[in-house]
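Biologist: I would like to learn how to read a model like this one. Please take the features in turn, with the general idea first.

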Amino acid sequence: MYQSLPGKEQTTHREKGKQMNIGRRKRRERLKLQRRRESRREKKRLLGFFAVGCAMFLIGAFAGGFYVKNMDHFVQAASQEPVESAAWEGNLQAKVEEMQAEILRESQEKAQREKEQAEEQEENLPTDWNLRLVNRTHPLPENYEVELGSIGGGHQLDVRIVDEYKKMIQAARAEGVYIYVSSSYRSMLKQVELHHDKILDGIKEGFSYDEAKTLAATVVAVPGTSEHQLGLAVDLVSSEYRRLDEKQENTKGFQWLKEHCWEYGFILRYPNGRTDITGIIYEPWHFRYVGEMAAKEIMEKGITLEEYLGALPVSAEQ
Ligand SMILES: [Zn+2]
């Protein structure tokens, strides 16, 4: 019986098989879909990771670069500060040195200019024997020698002015004015004695040695700086008053000499109120030979020999 039903059985079996196949296919397709979906998700996840990784890498690189750059700046700033400060200190030091050098250079140039000016004036002084300047700043050369001639009474002068001197004294005498010599040529030794005596006088009066020395220099020339050593100077007094002080200016002798001395080439060498130029007090008895031409100008203008020659004044305070 059952054999008569094989077809049915077969059909059922076939159908069953068919249905099973369908089920398997569906399941397979579902699985495929599922796998595809999973694979897509997986891809998305990977892409996400990759994107995040890239972003993080970029951020990191950027931040790192910025940090490094910033660090460089800090390091530079930190190291530059002392470098700059050292450079500034160095500049200041250099500036100070430069200024000091400039000051030194200026003072040296000034000293050089003054020296040159002084030398120029020295050089410009005439070399004529009768115009030779002798004062505290213009001493006589060492071992200066002069040929002397007698003017009587044991006195001597440079032989070249003896005649002129005699003529002058005789001319005064012819007018009834009697003039006498107090001092004429002095040797170095004589000048040293006189100067030394003058210092002792000052000390006796109560001055210190330095004070007495300074005072003595304005009254008796420091040895080597006296015109009496030159043989061209003479101290003259009038017959009625023979002392060497300012009262000598009131004598007939002085009045006559003041008016006529230039005619014989003589000048009043240390006029009143000219100590700041000559370095010597007013001496209305000291006459110096310079020659007629110079004497005329000096006496007419009432100037000193220093001014006439254009020499530097001799300060009494020196
Ligand atoms: Zn004198």
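Modeller: Start with the core. In soluble globular proteins, nonpolar side chains tend to be buried together. A nonpolar core here is a set of buried Ala, Val, Leu, Ile, Met, Phe, Trp, Tyr and Cys residues joined through C-beta atoms within 7 Å. A residue is buried if 20 or more other C-beta atoms lie within 10 Å of its own, exposed if 12 or fewer, and partly exposed in between, with C-beta atoms placed from the backbone. The largest such core has 34 residues, and Cys261, Phe266, Ile267, Phe287 and Ala295 have the most contacts inside it. At least two residues of this core come from each of helix H2 (162–174), E4, helix H5 (252–260), E5, strand E6 (286–289) and helix H7 (292–301). Another core, of six residues, lies apart from it and includes Ile199, Ala216, Val220 and Tyr270.

Biologist: What kind of model is this, and how are residues numbered?

Modeller: This is a predicted model: local features need pLDDT of at least 70, side-chain atom pairs count only at pLDDT 80 or more, and totals for chains, interfaces and linings use all residues. Residues are numbered from 1 along each chain as its sequence is written.

Biologist: Which residues does Ile267 touch?

Modeller: Two residues are in contact if their C-beta atoms, placed from the backbone, lie within 7 Å. Not counting residues up to four places away in sequence, Ile267 touches Cys261, Trp262, Phe287, Arg288, Val290, Ala295, Ile298, Met299 and Leu305.

Biologist: How many helices and strands are there?

Modeller: Helices (H or I, at least four residues) and strands (E, at least two) are DSSP runs, numbered from the N terminus. The protein has eight helices and six strands.

Biologist: In what order do the strands of the open sheet lie?

Modeller: Two strands pair if DSSP finds at least two bridges between them. Four strands form an open sheet in the order E3-E4-E6-E5, paired antiparallel. Strand E3 (179–183) and strand E5 (266–268) are at the edges with a single partner strand each, so one side of each has no neighbour in the sheet. Four bridges join E3 to strand E4 (residues 233–238) in the antiparallel sense, and Ser183 stands opposite Asp235 in E4.
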